[in-house]
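Q: Please take me through some of the labels used for this model. I want each value set against its cut-off.

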Amino acid sequence: MSNTKSIFPKNFLWGGATAANQLEGAYLEDGRGLSVADALPGGKDRFKIVASPDFNFELDESKYVYPNHKGIDHYHRYKEDIALFAKMGFKVYRLSIAWSRIFPNGDETTPNEAGLAFYDNVFDECLKYGIEPVVTISHYEMPLHLAKEYGGWGNRKLVDFYERYAKVVLERYHTKVNYWMTFNEINSALHFPVMSQGLVMKTGAGSKQTIYQGLHHQFLASSKAVKIAHDLNPDLKVGCMIIYATTYAYDSNPINHLKALEYNQAFNFYCADVQAKGEYPHYAKRIWKEENVTLDIHDGDLALLKAYPVDYVGFSYYMSTVVTTDEDVMAKSEGNLLSGVSNPFLEASEWGWQIDPLGLRLALNELYGRYQKPLFIVENGLGAKDMLDENNFVEDDYRIDYLRSHIEAMGEAIGDGVDLMGYTPWGCIDLVSASTGEMSKRYGFIYVDLDDNIEGSGNRYEKKSFNWYKKVIETNGSDLA
């Protein structure tokens, strides 16, 4: 695309995305309780540690670094950070509320007023600059008490706890926040249930029965949140949010195309089918049979799902994947913690995530064709080891190239007829990586001077991509040079 009339809608929602547990820090301030994210050690082996049969969220400060405890101190520096977002021209800012700031243990009946007041201040600061908040109600930060004492989302009691939490935040903020999402990357439970469902091996992380039952409970909770929101204001928009990885068959062998179809159904579509269409898809019974799952569905559950589907489909897109039935060919790939065969036609990031902008155009067409609901790309970006030079500047042309190619793919999809609401690249400011627990895996337009031990000045510096993205927003995507 060139300096011509933009193909992006006039009201397109340009912005950036973060998550409370990865940037706020202040993990025990003002009445906040511990979350599951607070109990995850930093480093590339964090999920190997968590996958141990003995792991039970026991914090050991003498043995591990817990980067989430400090984050980038956004809790105290949110005004500075939001001012930088405003300088880039953000129309929206996607963030999450830390559940344990509102209900420290998750099962209280009275919320923590100090936590509620903090988000009032954050939203007011956004609105001061004309930035609309886009809020994820639960983003990998379940109160630790709910995981340890109740067994996470495998326990139906969490539906009531979530409903109470959602009611509190929706009633408090519905005049300030128009766009909501119920769960972050809900389908990630099929790959790393510790963050999505609060499950460890002792409580069912290795059990498909527990995971799928947990998803059923999350679907119910999501529908309850949609009902609360629409009862408050029918114009509020509540979306689901999934990881989407465009999936290719390894070759033209029909058996591998069947494998790709089944992977798409089980991972890319299962959750969104329920949340966007309001019912379990036709292939669900096959999956349950293959995984030896028998769902405990109560009277009224299916009617609730049908009555309150989401208004839009939000998703993260970082990479595509390739699948085959040949176990000798299949190899573990570090693509958003998803397994798959390396694609020889694609380049990869420093962390092995395969870069596939055309796959985003395919994803947008597949999702819109399936749901006929507005789509919102709420995560997309390149993790890299940015180097700050002697002028406190980062020449991140590699990030600009990545984002440009994906924005071009978005434009092509809009030309295909896709209804795309907006785009909030991930980690608009450097924060703690969810996949590795590191600061050195950076995504932001803004460099934060902290290392993997969360030591450093914490100063913020604009990268080259900062002004590039500012121009993209100013021209509504017509100038990507």
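Q: What is the phi of Gly 417, which follows helix 14?
A: Phi of Gly 417 is positive, near 105 degrees. The model is predicted: local features need pLDDT of at least 70, side-chain atom pairs pLDDT 80 or more, while totals for chains, interfaces and linings use all residues. Numbering starts from 1 along each chain, and side-chain values use heavy atoms, without hydrogens or water.

Q: How do you know that the span of helix 14 agrees with its number of residues?
A: Helices are DSSP runs of H or I, at least four residues, and strands are runs of E, at least two, numbered from the N terminus. The expected span is 1.5 Å times one less than the number of residues. For the 19 residues of helix 14 (397–415) that gives 27 Å, and the end C-alpha atoms are 27 Å apart, so the two agree.

Q: What makes Lys 148 and Glu 58 a salt bridge?
A: The term needs a side-chain nitrogen of Lys or Arg within 4 Å of a carboxyl oxygen of Asp or Glu. Their closest N and O atoms are 3.0 Å apart. Lys 148 lies in helix 6 and Glu 58 in the loop between helix 2 and helix 3, so the pair ties together parts 90 residues apart in sequence.

Q: Why is Asp 479 called buried, and what is Lys 471 called?
A: Buried means under 20% relative accessible area, exposed over 50%, partly exposed in between (1.4 Å probe, protein chains only). Asp 479 has 13%, so it is buried. Lys 471 has 27%, so it is partly exposed. Their side chains meet in a salt bridge (3.9 Å, N to O).
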